[in-house]
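Open your viewer, switch to a cartoon display and follow along.

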Amino acid sequence: MDELTALYYAIKEKSDAVTTLLLKEIREMVGEEHQELTQKQVMLLDLLKHRSLTVNEIAEAFSITASAASQLIKKLEKKKYVRRDINEENRREIIVSLGEAGKDYIQKIDKVEFHLVRKYYSQLDREDLIKLKEITEKLYEVIVKEHQP
């Protein structure tokens, strides 16, 4: 195994371990009523936290068809995590926004994230956090560049 591959696996192993440990803690703090959410559903709620989206925008964000996006939305709508409304400016378009359960979930997640920052990130030096942020941004930029046509 070459050095680059070995470094990748070492980083991945620790990243996966951190994620596993944090997910356990997050699930405990969020509560039983939100345990059934899948990762994709959580990602959608996080997107909707910032603004309402059309079905097509959701499909594009997840690189899925509009039909698949509608199925994802339908499951969340049944449990009041999201709601669909007709766009008054373009009546053929559906706008998706957070429902009551979705707002409740986002409020809980915001508290959990604040807790995690105080509990873990506060133990790291500011310079280390800045380096971690910069490295993460560089990796993101490389990946985005590779995905562009």
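What share of the contacts in the protein chain with a separation of 6 or more comes from residues 24 or more positions apart? They account for 52%, a contact being heavy atoms within 4.5 Å. Before you select anything, note that this is a predicted model, in which local features need pLDDT of at least 70, side-chain atom pairs count only at pLDDT 80 or more, and totals for chains, interfaces and linings use all residues. Residues are numbered from 1 along each chain as its sequence is written, and side-chain values use heavy atoms, leaving out hydrogens and water.

Color by secondary structure. You will find six helices and three strands in the pattern α-α-β-α-α-β-β-α-α; these are DSSP runs numbered from the N terminus, helices being H or I of at least four residues and strands E of at least two.

Zoom out next. The C-alpha atoms fill a box of roughly 55 × 40 × 25 Å along the principal axes.

Now select residues 53-54, 82-86 and 94-98. The strands β1 (53-54) and β2 (82-86) are the edges, each pairing on one side only, in an open antiparallel sheet with the order β1-β3-β2. Pairing requires at least two DSSP bridges between strands. β1 meets β3 (residues 94-98) over two bridges, and Thr54 has Ile95 as its bridge partner in β3.
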